[in-house]
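Please read the following report alongside the sequence and the coordinates.

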Amino acid sequence: MLPDEPQYGLIEVRGIVQGVGFRPFVYRLAGNYGIKGNVTNTSEGVRIRAAASSERMRGFIRALSQQAPPQAWIEDISWKELPAFEVEDFTISSSLREAGTSTLISPDLATCDDCLAELFDPNDRRYRYPFINCTNCGPRFTIIEDTPYDRPMTTMAGFKMCERCEEEYHDPANRRFHAQPDACPECGPRLWLGDDGGSEIAGDPIELAAELLRNGKIVAIKGLGGFQLACDATSGQAVAGLRERKRRYSKPLAVMVSGLEEARRICRVSEEEARLLASPGSPIVLLNEKINNSISREVAEGLEHQGVFLPYTPLHHLLLREAGIPLVMTSGNMSSEPICKDNLEALERLAGIADYFLLHDRDILIRYDDSVSRIFAGAEYPLRRARGYAPYPVKLKDTYTTEVIALGAELKNTFCFLRGSHAFIGQHIGEMDTGEALSHYEEARDAMQHLFRLDPQVVAHDLHPDYLTTRLAMESSLPRIGVQHHHAHIVSCMADNDIQGEVIGVAWDGTGYGEDGTVWGGEFLFSDRAHFRRAARLRPYLMPGGEICISDISRMAAGVLWEVGESDGIAEELAAQLRSGFNCPLTSSAGRMFDAAAAIIGLRDKALYEGQAACELEAVAKRMSSRYPYHLLESNGLLEIDTRPLFKALIDDVASKAQMAEIAGRFHTTLTAAIVETCSRLSEETGLERIALSGGVFQNELLTSMVLEGLSSAGLECYLHHRVPCNDGGISLGQAVVAAERCRPSPQIEVPSQRCQALL
Ligand code: ZN
Ligand code: ZN
Ligand code: FE
């Protein structure tokens, strides 16, 4: 073809290309390259009919991916030649809806700088308007009912645009061109302050709420993915009051600050951390606290890390600036219940917790908690994936033919749909142990299934017979695949890093149901994506009373003391129980070892939330080079780390009144050495050199950084999570991949679902 001969073609762009200003971008680009034709949103992405010389066309297609808007994520651009067609100019056509197809949609995006400037510009018509947004920012997933992402498919459908908004919406040169949630004070949602009965209080709602917060009141705020509870973070009394009413004792609370500058007054903030704080996902970021900052000790007692986040909606920006103080901002619920999303629901369920309610009339369709993340070793290390992240899919290098739904674990629950190379991991649900949690789960799952037209053929679940998710799987009509908890952790880490083949997996966590029916949690596995073999473990101890040891950690300490022959310190009743062995299951859990150590050192006897003792043990620990002894032995075909010598020496240290910081430090150093030595031994035996680290214990920064150093100086290659959490929030991804991998069509059996059935 001659270079100047006009070319006609159909360009299809897939990825996150809706709700991110992609069509206006295409429109402008078409202008630059002299392309004629049109662009339209389809259920699968964006479709462009284009006519131009082949040279211009090439430049245009190249620029589509190279210059795409910041929030867009292009997965694939396809080109198909079309017969010549008549065309005068370039236009944007209305969206097409096709059955059986689906597109990706951007998560909710934090307020952009342009909107922020307008928000605080007295001459702007949206000055102090709490719902300002544009194609680069604003609500997305929390207001979407269906795709393609257009206004009638959102909870903005009921707000009719005024003339000026309409003009902006239709002007391709405008930042709000086709911004679906666009609104202004004249035509958009309205904010008001209500008392605890919901009656509106006259006056500027932001000024009123800020004043109340400064006076120590608790205000419920209708945020993006649900209600939040706010109070003065500098007031011990206000925070204690909030804890009392919410029945959330001890568990650390997040603090919202007005901006990076204020974050830096409270905490040390690295470049990477600043970038993460200000990213469109706007997660709560765990930061190292500065000593003697203005934040009340009640907010995160006993910990050196503080969860901090920046305002991510115009409402938050207005409130933080007006209040002039950092605010505790926590999800609007009673402890362990799902977050409230509707006005009436909030007034009812938060009655007795909040003194006042900052309400508005834009509905929230889907509940989303705030996400939690941190920077570890220079990269993001997520802890909770929710608002701003989910349901942005985790893109895998591998493509699977079987579509799977994985139901996740019991704590920090998420579910995951796997289709092709997309893992759609749902937002953090939390503890799956109540009826409310179950309905939240089902609501979120059904919404995602509908939005992305998902149609799983197989259900993957944990092996624990008592998990609610396991029971859900049993009720399902789909073929089931049970996946061992720690195998799921390791495969989650493998998928997170797109690695194939076999690895040595170190899965250390609190609790996971083992293949032998005992509680696992200090595991080393030879693992590939489909199968695993247990290679080594921590030596198990008795848990007097079973699961009760998770909260009553002094019992776990008794279990350890018993085994190391220090039974003198054990209460008579417990000693009797240990002697009889009644209700004393064995556990190899690493989490329980942290609990036992914390209790023996005298940090605390009871854990008020899962992992509290381990977090505090890390917080007091000083990095030590000396360590306690341990044995690494072979027992029943497994390598076993015998920690009895460790605990004996630790008890001696306590008796000789060694510093708590040093004891805790040596405890960390010892476990590090044990992990590194075990991995080295397993590597020598097998030639495997890749180590995948997963499980909640690796939220421990001190331990993880020492393990990382140790493994790399042993010449081993170490893989950590960076897209999904290492805790049980990442389990669903691992379950889904294991199931899909086991369903890969094999030469003998051609129908994948039959193969799955055979595995039941
Ligand atoms: Zn904006
Ligand atoms: Zn308007
Ligand atoms: Fe786990």
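Predicted model: local features only at pLDDT ≥ 70, side-chain atom pairs only at ≥ 80, totals over all residues.

**Overall form**

The secondary structure of the protein amounts to 22 helices and 30 strands. Its radius of gyration is 28 Å, close to the 27 Å that the globule rule gives for 760 residues, so the protein is as compact as a globular protein of that length. Taken along the principal axes, the C-alpha atoms fill a box of roughly 90 × 70 × 45 Å. Of the 760 residues, 61% are buried, and the accessible surface comes to about 28600 Å², with 47% of that area belonging to carbon and sulfur atoms. Among contacts with a separation of 6 or more, 71% are accounted for by residues 24 or more positions apart.

**Strand β29 and its partners**

Strand β29, which spans residues 690-694, is largely enclosed by the rest of the structure, because four of its five residues are buried. Strand β22 (residues 503-513) pairs with β29 in the parallel sense over four bridges, and within this pairing Val 506 stands opposite Leu 693 of β29. Strand β30 (residues 717-719) also runs parallel to β29, the two being joined by three bridges, and the bridge partner of Arg 690 in β30 is Glu 717. Between β29 and β30 the chain passes through helix α20 (residues 701-713), giving a β-α-β crossover that is right-handed.

Ala 423 belongs to strand β19, which covers residues 416-425. Is this residue buried or exposed? With a relative accessibility of 0%, Ala 423 counts as buried, since the cut-off for that class is under 20% relative accessible area. Apart from neighbours within four places in sequence, Ala 423 is in contact with Pro 393, Val 394, Cys 416, Phe 417, Leu 418 and Leu 733. Ala 495, although 72 residues away in sequence, has its C-alpha atom 9.7 Å from that of Ala 423.

**Charged pairs**

Side chains of opposite charge can pair when their charged atoms come close. The structure holds 43 salt bridges, and three of them are set out below.

| Salt bridge | Closest N and O atoms |
|---|---|
| Arg 176 and Glu 118 | 2.6 Å |
| Glu 322 and Arg 128 | 3.5 Å |
| Asp 370 and Arg 387 | 2.8 Å |

In the salt bridge between Arg 176 and Glu 118, distant parts of the chain are linked: Arg 176 lies in the loop between α4 (163-170) and β6 (191-195), while Glu 118 lies in helix α3 (residues 113-119), 58 residues apart. Both Arg 176 and Glu 118 are buried.

For the salt bridge of Glu 322 with Arg 128, Glu 322 is placed in helix α9 (residues 314-323) and Arg 128 in the loop between α3 and α4, so the pair ties together parts that are 194 residues apart in sequence. Glu 322 is partly exposed, at a relative accessible area of 28%, and Arg 128, at 22% relative accessibility, likewise counts as partly exposed.

As for the salt bridge between Asp 370 and Arg 387, Asp 370 lies in the loop between β14 (356-360) and β15 (372-373) and Arg 387 in the loop between β17 (379-380) and β18 (394-406), so this pair ties together parts that are 17 residues apart in sequence. Asp 370 and Arg 387 are both buried. Elsewhere, salt bridges that share partners join Asp 114, Glu 118, Arg 125, Arg 126, Glu 168, Arg 175, Arg 176 and Asp 182 into one network.

Key
Residues numbered from 1 in each chain as written. Chains lettered and ligands numbered in written order. Heavy atoms only, no water. Buried < 20%, exposed > 50% of the residue type's maximum accessible area, 1.4 Å probe, protein only. Contact = heavy atoms within 4.5 Å. Pairing = 2+ DSSP bridges. Right-handed = clockwise from strand over helix to strand, strands pointing away. Salt bridge = Lys/Arg side-chain N within 4 Å of Asp/Glu carboxyl O. Rg over C-alpha atoms; globule rule 2.2 N^0.38 Å. Areas by Shrake-Rupley, 256 points an atom, 1.4 Å probe, with all protein chains shown as cover.
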